[in-house]
Amino acid sequence: MSQQQFSPPDGTHEGDTPGERVTLSVPIHLATTTRVTVVREGPKPARPTGRIPRVARILAQAHHFQHLLDTGVVRTQMELAELTKLTTARITQIMNLLVLAPDIQEEILFMPPLTKGPAPVTERELRPLLKTLVWSEQRAKWAELRAACV
């Protein structure tokens, strides 16, 4: 949908001669929000190509799991494991990503989408960083890991 024509029912405006038409062209597109389709002005935005790196999705999942625990939706990681059909060991592996330095987490979450080939960093490759809680050590290991991936 790109243009819409509007004219008064009788075809006239104040000061216009009868039968004169006014055409207004406005580019529009349909957008679907939560359960509602709305008309928005402008061309339809292009969809991003590629896929989000798996490690970024897992880190986002860890933040979601932590929110569920903090708000009391689930009481324990064991209960979370039962709900998600994951093992408690896997839940622990996912939750351990939250001990990464905030700037490392941010870099992981904002990795560009992958269009081809393997991800630059995997969760398994991050596990040595998780053995220390000292962020400066994590940052040094992260820099080594990123340099090896380039």
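1. In helix H3, which spans residues 88–96, the buried residues are Arg-90, Ile-91, Ile-94 and Met-95, where buried means under 20% relative accessible area, exposed over 50%, and partly exposed in between, with a 1.4 Å probe and protein chains only. Because these residues cover an arc of only 135° around the axis, they lie on the same side of H3; the arc is that of the directions from the helix axis to the C-beta atoms. Helices (H or I, at least four residues) and strands (E, at least two) are DSSP runs, numbered from the N terminus.

2. This is a predicted model, in which local features need pLDDT of at least 70 and side-chain atom pairs count only at pLDDT 80 or more, while totals for chains, interfaces and linings use all residues. Residues are numbered from 1 along each chain as its sequence is written, and side-chain values use heavy atoms, with hydrogens and water left out.

3. The buried residues of H3 pack against helix H1 (54–70), helix H2 (77–84) and helix H5 (123–126), contact being defined as heavy atoms within 4.5 Å. Between H1 and H3 the packing angle is about 100°, and the axes are 8 Å apart; axes are lines fitted to C-alpha atoms, for helices over the stretch in contact, and angles run from 0 to 180 degrees between N-to-C directions. H1 and H3 are therefore roughly perpendicular to each other, since angles of 65 to 115 degrees count as such, those under 35 as roughly parallel, those over 145 as roughly antiparallel and the rest as oblique.

4. On the H1 side, Arg-54, Ile-58, Gln-61, Ala-62, Phe-65, Gln-66 and Leu-69 meet Arg-90, Ile-91, Ile-94 and Met-95 of H3. By class, this contact of H1 with H3 has seven nonpolar, two polar and two charged residues, with Ala, Val, Leu, Ile, Met, Phe, Trp, Tyr, Cys and Pro counted as nonpolar, Asp, Glu, Lys and Arg as charged, and the others, Gly among them, as polar.

5. Which residues does Arg-90 contact, leaving aside its neighbours within four places in sequence? They are Arg-54, Ile-58, Glu-123 and Arg-127.

6. Lys-85, in the loop between H2 and H3, has a positive phi of about 65° although it is not a glycine, and Lys-85 is exposed, with a relative accessible area of 74%. Pro-128, found in the loop between H5 and helix H6 (135–149), counts as partly exposed at 38% relative accessibility.
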